[in-house]
Amino acid sequence: FIHITIIYLLKYFYYFKKKYVIFMYSSIIFLMMSLITYFIILKLEKNYLQNKIIKIHSRLKLIHSKISDYERTGASLCKIISTLPEIKEMALSRNKNRWFLKLLKQMCGVSYIWIMDKSGTITVCSDPKYEEYNYAFRPYFKKALKGIANVYYARGVRSNTVGAFFARPIIVKGKICAVLAIKFNFSLVLGSSFQQERMLFVHKSGAVLFGTEDLTDVSLYNSSQDIPEDLRQEKVFGQKETLRPAGYKLVKDNLLQDKEGRLWYLISIPLSQHGWQLAKLYNLKPIFQYRLLLLSIYTLLFLVYGFLILRIFQNREFIFRLEKEITERKKLQKSQMLLATAVEQVAESIVITDSKGIIEYVNPAFTRLSGYTKKEALGKTPRILKSGKHNPSFYKQLWATITKGKHWYGHFINKKKDGTLY
């Protein structure tokens, strides 16, 4: 469209005559180059996005590996602690030996340790304020009661902190008599870097359990504020019954759009616990900026190209005038060089000053006659030659004539550097 417009203007408004055909052909070539560049930009964008996804995916894998290590550590700790005689004694006798649990908590670096009876009630805990509460609704308790050691991610119903819950049956004489549970807070497991890098712990339904402050306990791309039924029954989000809408809309798989119309790519990897995944939102705006920047530069180059051709074809005479002017300037420079040579070799003393009377140039004859070197004279005034033989009105008349742009003729009696007059 731009090419056609320029050609039209050239033909009908700039009296381009037959030369517009040449420009049209060159424009077609340039248009083809533009299309090629456009596809190159698309390829660059694709590679740019793939590289970003690979980097983010690698970072997610690193955090996933860290979580997996904590899962193995938590499972091992849970297994070891469940076999301790003191733990089995507390499970059988309901003895509230809290100091022992507190000691284990400090040694293992966990947030909480507690024992639950077969009804789901906490009989003893490292923090006594959680005792006597029933958590039979938690999946980790149900699985442990069936003899399955497991890990479960959720927000504490009363602590209101998100963490990983590890549970294992306490077996005495071949029978399950209680359930041991330990909890690692996510702030301990994932660290502050998780939130600083704007990563998310999100459910397949779009419910975000843990992330940045503005994206925690939110529904990422589900317009409904209700917590999914299975998560609500398990109280994964603690006492919360609804989630704040984050304002994103699912455009297609892994592609979201916010309220301002910006596109975001959801990069994620699944976790061992069914339905949960580690994710990060990547803003596609830098890619579009990259495209617009290149296209803007190329369009600018195209316009410059077009108008340069126009200028060349319309002003052929300018080149000849320029050549003529250059020739004349060379002649002038040659004349000036001859004049400068003549001034240097002339026998008369020549002094050139500025409007304030400061000497800017003296020829060799001046240095011979006055005795002053060129270095000594430059920057001084002609007063260095003053002999005292002329009255002030003489000099006043001289400068008045010169400053008016007129010629002054006369004779000077000057004084040389050695004091003699000439």
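1. Let's start with Glu260, which is exposed at 63% relative accessibility (exposed is over 50% relative accessible area, buried under 20%, partly exposed in between, with a 1.4 Å probe and protein chains only). Its salt-bridge partner is Arg262, with the closest N and O atoms 3.3 Å apart; a salt bridge here is a side-chain nitrogen of Lys or Arg within 4 Å of a carboxyl oxygen of Asp or Glu. Arg262 is partly exposed, at 33%.

2. A word on the source: this is a predicted model, where local features need pLDDT of at least 70, side-chain atom pairs count only at pLDDT 80 or more, and totals for chains, interfaces and linings use all residues. Residues are numbered from 1 along each chain as its sequence is written, and side-chain values use heavy atoms, leaving out hydrogens and water.

3. The whole structure holds 12 salt bridges.

4. Have a look at Asp217 and Arg155, a salt bridge with its closest N and O atoms 2.9 Å apart. Asp217 sits in the loop between strands S7 (207–210) and S8 (218–219), and Arg155 in strand S3 (residues 150–155), 62 residues apart (strands are DSSP E runs of at least two residues, helices H or I runs of at least four, numbered from the N terminus). Asp217 is buried at 10% relative accessible area, and Arg155 is buried at 8%.

5. Asp214 and Arg198 also form a salt bridge, at 3.4 Å from N to O. Asp214 is partly exposed at 43%, as is Arg198 at 41%.
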